[in-house]
Amino acid sequence: MDTMRDRFAHVLTRLLDEDPRVAVVLAEIGKDTFTEAVRRHPDRVVNVGIREQLLVGAAAGMALAGLRPVVHTFASFLVERPFEQVKLDLGHQEAGAVLVSAAASFDWPAGGYTHMAPGDVALLDTLDDWTVHVPGHPDEAETLLRHAVAAGDDKVYVRLSLQANTRPLPVDGERLRTVREGRAGVVVAVGPVLDAVLTATEGLDVTVLYATTVRPFDAAALRRATEAAGTDVVLVEPYLAGTSVAAANDALSDVPHRVLGLGVGRRELRRYGRLEEHVAAHGLDARSLRERIGAFTGAGTPLRLRPPSTHPEQVTAH
């Protein structure tokens, strides 16, 4: 299976052919995947070098000139380092762009903490009117990227990861999807953590919702799920733990409820290790999730690890 980032480069090259408004802005990282795109569209594929503030500023200028810029680099260099430009050049000027990140929270541990960005979605939450997509499979990444590019002049963030679920699910860029139904609580799995959540909740009487678009947050779907499954809600996100707790609280503000936010912890892990070791250290592996979800909802039993049992026919949309 190709990675989300492989699919991104392939799809965006096609979009450059199809839509004369589309432009690509790079800061060295990923330039080799756009060699053919540069040959075919040298005026709409721009590499600004290792200048991340200029990366976002140039994209804003393109947007103000009528183009639809797609901006790409690692998440730490796309959201965190040039945050002032994201805030002012895009937000303050009401200039739309599609920011597409790589490396997620810790996809490349050998790069060290400079190449990790567990706080990217939380940081964008301080700004107004951003759409945030977190695909869990390359097929979903392609669908959501096409949604993002076609979204007029909106400000959109697409968060790509090396981590991926085994199978894609239908996504529409808006709604939570019901993957499993139960009556002892609701678990919201975001993007590439779905497989681990399904394994962790196997045999538990909980509803599992799948989110690939987290902003705007689908409050209506969460409310409907809690009407049948109760108002204990667990959010499992592949970035900073608790990022969407406020959104869930707002969705249920008029009913008594409890929310547990699971995700990447604030403590910095100072050894490189492997990606899987970081997942386990932050409690995002299936066994750890089983313990924490079971304890919170009161539905816990020992975990017998098995492959997740998601099939397209089991998935329904709210």
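**Entry 1: the core.** I looked up the largest nonpolar core in this predicted model. It has 47 residues. I noted the residues with the most contacts inside it: Leu90, Leu99, Trp130, Tyr157, Val186, Val188 and Leu222.

Leaving out residues up to four places away in sequence, I found Thr207, Leu209, Leu222, Ala225, Thr226, Ala229, Gly230, Asp232, Val233 and Val234.

**Entry 2: helix α3.** I turned to α3, which runs over residues 52-64 and has 13 residues. From its first C-alpha to its last, α3 reaches 19 Å. That is close to the 18 Å expected at 1.5 Å a residue.

Which residues of α3 are buried? I listed Glu52, Leu55, Val56, Ala59, Ala60, Met62 and Ala63. They sit on the same side of α3, because they cover an arc of only 160 degrees around the axis. I wrote a reminder beside this. An α-helix has 3.6 residues a turn, so residues three or four places apart point the same way.

What do the buried residues of α3 pack against? I found strands β1 (22-26), β2 (45-47) and β3 (68-74). Helices α4 (75-80) and α5 (83-92) are partners too. After α3 comes Gly66, and its phi is positive, near 105 degrees.

**Entry 3: helix α1.** Next I looked up α1, which has 15 residues. It reaches 21 Å from its first C-alpha to its last, close to the 21 Å expected at 1.5 Å a residue. Its buried residues are Met4, Arg7, Phe8, Ala9, Val11, Leu12, Thr13, Leu15 and Leu16. I noted that Arg7 and Thr13 are in that list. The elements covering these buried residues include β1, α2, β2, β3, β4 and α7 (138-150).

**Entry 4: aromatic rings.** How many aromatic pairs does the structure hold? I found three. In one of them, the rings of Phe8 and Phe34 have their centres 5.8 Å apart. Their planes are at 75 degrees, so I logged the pair as edge-to-face. This pair links distant parts of the chain, 26 residues apart. Phe8 is in helix α1 (residues 4-18), while Phe34 is in the loop between β1 and α2 (35-40).

I went on to Phe74 and Phe77. Their ring centres are 6.2 Å apart and their planes are at 15 degrees, so this pair is stacked. Both residues are buried. Ring pairs link Phe74, Phe77 and Trp108 into a cluster.

The charged end of Arg258 sits over the ring of Phe296, 4.1 Å from its centre.

Entry 5: I came back to Trp130, one of the residues with the most contacts in the largest core. It is found in strand β5 (residues 130-133). Why does Trp130 count as buried? Its relative accessible area is 7%, and the cut-off for buried is under 20%.

What does Trp130 touch, not counting residues up to four places away in sequence? I listed Val86, Leu90, Leu99, Leu124, Lys155, Val156, Tyr157, Arg215 and Pro216. I checked the last one. Trp130 and Pro216 are 86 residues apart in sequence, yet 7.7 Å apart in space, C-alpha to C-alpha.

Pro216 lies in the loop between β10 (213-215) and α9 (219-229). I looked at the peptide bond from Arg215 to Pro216 and found it cis, with omega near 0 degrees.

**Entry 6: positive phi.** Finally I looked up two glutamates. Glu28 is a residue other than glycine, but its phi is positive, near 70 degrees. It lies in the loop between β1 and α2. Glu28 is partly exposed, with a relative accessible area of 29%.

Glu94 also has a positive phi, near 55 degrees. I located Glu94 in the loop between α5 and β4 (98-102). It is exposed, with a relative accessible area of 70%.

Terms used
Residues numbered from 1 in each chain as written. Predicted model: local features only at pLDDT ≥ 70, side-chain atom pairs only at ≥ 80, totals over all residues. Heavy atoms only, no water. Helix = DSSP H or I, 4+ residues; strand = E, 2+ residues; numbered from the N terminus. Expected span 1.5 Å × (residues − 1). Buried < 20%, exposed > 50% of the residue type's maximum accessible area, 1.4 Å probe, protein only. Arc of directions from axis to C-beta. Contact = heavy atoms within 4.5 Å. Phe/Tyr/Trp six-rings, centres within 6.5 Å; stacked < 30°, edge-to-face > 60°. Lys NZ or Arg CZ within 6 Å of the ring centre and 35° of its normal. Core = buried A, V, L, I, M, F, W, Y, C linked by side-chain atoms within 4.5 Å.
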